[in-house]
Amino acid sequence: MAILETQNLMKDFGGFVATNNVSLQLIEGERHAIIGPNGAGKTTFFNLITGHLTPSSGKVIFEGKDITGMVPHKVVRLGLARSFQRINIYPRMTVFENVQVALIARDHNHFKLFSLGEPHNRQDTKDLLELVGLDTEALEIAGELSYGKQKQLELAIALAENPRVLLLDEPTAGMSPQETDEAIELVDRITKERGLTLLFTEHDMSVVFGISDRISVLHHGEIIASGLPDDVRNDPEVRRVYLGESLDGEGH
Amino acid sequence: MQGLEMLSNPTFFVIQLLNSISMGMNYFIIAAGLSLIFGVLRVINFSHGAFFMFGAYTCYTVSEAWGFGFWPGVIAAGIFLAAISVFLERTLFRFLYDKEHLMQLLLTFAIVLIMGDVAKVLWGTDQYSVSYPAALTGAWNLGVTYYPSYRLVLCGIGPVILLGVWYFTERTRWGRLTKAATQDREMLAALGINVPVIYTSVFLIGSALAGIGGALAAPTNSPVPGMDVFIIVECFVIVIIGGLGSLWGSFLGALIFGVVYNFGSVIFPNGQDVFAYLLLLVVLLIRPWGLFGKPEQA
Amino acid sequence: MLACLIVLIALVALPMSGDLHAMDVTVEIMILALFALSLNTLIGYSGNVSFGHAAYFAIGGYTNAILLTTYHVPLLIAMPVAILFAMVASMFVAWFCTRLTDIYFAMLTLAFSMLVWAILFKWREMTNGDDGFVGIAMPAFLDDRVPLYYFTLAVVTASIGLLWLICHSAFGKVLVAVRENRTRAGFVGVDTRRMRWTAFVIAGTFGGIAGSLYALFKSGMYVENAFWTQSAQALIMTLLGGMYSFFGPAIGAATLHLLEILTNRYTEYWPTVLGGILLVILLFLPDGMVGLAQKIQSRFSRNGGAN
């Protein structure tokens, strides 16, 4: 059964169609990659699902419920968390606080005016930082972490929501090969452990073909192919779009 | 109500309408400067009110104390305020364009505080009266009523300034550059355009408008200490109603403000200030960014 | 913590000195400190610059004054009602203002405070307009300097304690996150507009407490108390002390008030001095006195480490 579904989703920025008639079904527990050249509309697609943008037409259905146009904080509450392509954290707060805030929000404690914030979710925060491997950096200022670590923090914040569907926008963008390997290993492990459904965009084809169950290809805002990795790899339309780019997981 | 009955008298109504327009036009000249500065520099300039006050005082000094006449006083006010603003922009504002808005707001407030004292040193605390220009002391026959000629001229100056500012911002190279500077400062600098000079020029023109507006208001609004902190809030109301940064918005906002103020005071004597702010509320309920304003970018 | 305790003990002990002038100055500083701290909940913690905070100060003050004097309501009812009025007014205004952000937010708070000012100014029958509402019917138990001093001290201490708790609560933590990155906070499930609304109401309510105390202290309220320059004054206190620390604004309030008293002994041009102070903060001390102290401290400790 589809846990997340878009039906004929469309977004028109004053004449420029960024997302065109996208219908996609995400099956519970799968890892689904969205690939496509730069400017294909991947981030816009994510923004439409998570409520950052309102679609011009079409629907977003999450667990059978129509969530089209719902504001982000309500979408998150339903169990749909995301990370961002560009680092999006609280740069002047500590790593610990970055995660703690998300946990306070998850537990609906953010309107508790008279309970001290420190004890809240202390253990949960520690556990989560340990999970993503940031436990030793807990008291550092988030904005001063290395790029790769900030991406890990980004992931920890998304996971803090306790989501059922995780949307990762370019989780390895800007990382060194070693950081990429570590990050992917982490995502792989956590999604398996927690039984999460994963929808992600990625430019590194070895990552895409390494962990995806299914792949959809977005081009000029439209899905031109969707299916198992091997089928997508051999799709003539996809080959044409990626002319000159290697789709082999092994080499570049 | 008594006020409403009075308004059914056509002569009285026309007079109130003209009062509204002439007052609105005077406010527009000041608000246009404020709006121009905000539109390009993104600075909410509290000291604009102080510039207005200096304009009124300068007009008094040149036309009354030195006896050069009213119009030279107006021109002198424009030039003097342009000079002051260039000095302030070069020495202070320049360092704050990249800082938070709170810092900019408070910087302009610091200037308000200091200029208020400077005005006290230069002009004392007396209230001065400035007489109408010689040719415009009388009233003109409009058929239904006589109306003070100076105020009628004021009704005409407003649209002239509107067209002038519109022409400069929409039809000249300078205007296009100021627009580009709002969009992408770095790009413009990379193209070899001297962005600081553009900023200075915008600030100069906006402030000169405040000075001229103050000078034009001097005959009806005697220069007195403290007038700066009142006018600035009223101008804020106008530009918020119209939409921050929109020239046409300021024009419409100023007219609406004039109408509400004058007719409001007829219907509910003493309630005019309250009305202006209530009007603001109603507008913002319907359009949070003002009549001509655009939603802020997320 | 220790510093707070020392200050508190000193404040409790002050009336023993019998110096009435020092007591008056201290009472005013305490009230201004509470006012600046209340404003900082909104500015420092939620990142929304209000240019109209004086409105809630004035609503609290005028309501308290009018209830006590015109309607002969006992203080134990009048003051809570006054605070409630300030709270309700801020709820209403916050609803409008939190639809906007940044400059637009600041402008709108300013406009609302001027609406309050205009009402106080024009509603002569109730407020006595620009002559000021003077000669409050003081409750018998506060009709002397010493009881009034301790009453103010007690209310201010309790209020600051509550504010401290709020700013360090789960709510306070998330509020800082909203300040730092509103979009991200939204994407972890925080209704950022409601957070900002709540911060606004807290600020307004505690501003109202400060105002109602001020009415008792001055035995009157004046329309100037609602004017926007008063709001700007509170902003300067906050900034001078440092808006990124909890007690910074209180330090700023004390410093500024003492400087004003000192300046007025020598010259009538306090506004120029204030403007000059403001320029110095803006250009050289963006994090205020507390920020400066921290910088000096960290430099010393670094040097100490090197030796």
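Tutor: The expected span of a helix is 1.5 Å times one less than its number of residues, and helices here are DSSP runs of H or I of at least four residues, while strands are DSSP runs of E of at least two, both numbered from the N terminus. This is a predicted model, in which local features need pLDDT of at least 70 and side-chain atom pairs count only at pLDDT 80 or more, whereas totals for chains, interfaces and linings use all residues. Residues are numbered from 1 along each chain as its sequence is written, and chains are lettered from A and ligands numbered from 1 in the order in which they are written.

Student: What span should the 23 residues of α5(B) have, and how far apart are its end C-alpha atoms?

Tutor: At 1.5 Å a residue, α5(B) should span 33 Å, and its end C-alpha atoms lie 32 Å apart, so the helix agrees with the expectation. Just after α5(B) comes B:G124, which takes a positive phi of about 70°.

Student: How do you know which residues form the contact between chain B and chain C, and how many does each chain give?

Tutor: Two residues are in contact if their C-beta atoms, placed from the backbone, lie within 7 Å, and by that test the contact takes 29 residues from chain B and 34 residues from chain C. On the side of chain B that touches chain C, α5 (101-123), α10 (227-242) and α12 (272-286) each supply at least two residues, and the largest share, 12 residues, comes from α5(B).

Student: What classes do the residues on that side of chain B fall into?

Tutor: Nonpolar means Ala, Val, Leu, Ile, Met, Phe, Trp, Tyr, Cys and Pro, charged means Asp, Glu, Lys and Arg, and polar means the others, Gly among them. On that basis, the side of chain B that touches chain C divides into 22 nonpolar, four polar and three charged residues.

Student: Which of the two pairs of chains in contact shares the most contacts?

Tutor: Chains A and C share the most, and their contact takes 23 residues from chain C and 32 residues from chain A. The largest share of the side of chain C that touches chain A, eight residues, comes from α8(C), and by class that side has 11 nonpolar, eight polar and four charged residues. No contact joins chain A and chain B, whose closest C-alpha atoms lie 10 Å apart.

Student: What makes the sheet of six strands in chain A an open one, and which strands stand at its edges?

Tutor: Two strands pair if DSSP finds at least two bridges between them, and the six strands follow the order β6-β7-β8-β3-β9-β10 with mixed pairing. Each of the edge strands, β6 (80-82) and β10 (222-227) of chain A, has a single partner strand, so one side of each is left without a neighbour in the sheet. The twist averages 15° from one strand to the next, with axes fitted to C-alpha atoms, for helices over the stretch in contact, and angles running from 0 to 180 degrees between N-to-C directions. Helix α1 (residues 42-49) of chain A packs on the sheet, and its direction makes about 150° with that of β7(A).

Student: How many bridges join β9 of chain A to β10(A), and in which sense do these strands run?

Tutor: Five bridges join them, and they run antiparallel; A:L218, for example, has A:I223 in β10(A) as its bridge partner.

Student: What do β4(A) and β5(A) form, and what is found in the turn?

Tutor: β4(A) and strand β5 (residues 65-66) of chain A pair in the antiparallel sense over two bridges, with A:F62 opposite A:K65 in β5(A). They form a hairpin with two residues between them, and A:E63 in the turn has a positive phi of about 50°.

Student: Why is chain C called as compact as a globular protein of its length?

Tutor: Chain C comes to 14 helices and two strands. Its radius of gyration is 20 Å, close to the 19 Å that the globule rule gives for 307 residues, so chain C is as compact as a globular protein of that length; the radius is taken over C-alpha atoms, and the rule is 2.2 Å times the number of residues to the power 0.38.

Student: Why does C:I77 count as exposed?

Tutor: A residue is buried if 20 or more other C-beta atoms, placed from the backbone, lie within 10 Å of its own, exposed if 12 or fewer do, and partly exposed in between. C:I77 has 12 C-beta neighbours inside 10 Å and therefore counts as exposed, while buried residues make up 55% of the 307 residues in chain C. C:I77 lies in helix α4 (residues 75-97) of chain C.
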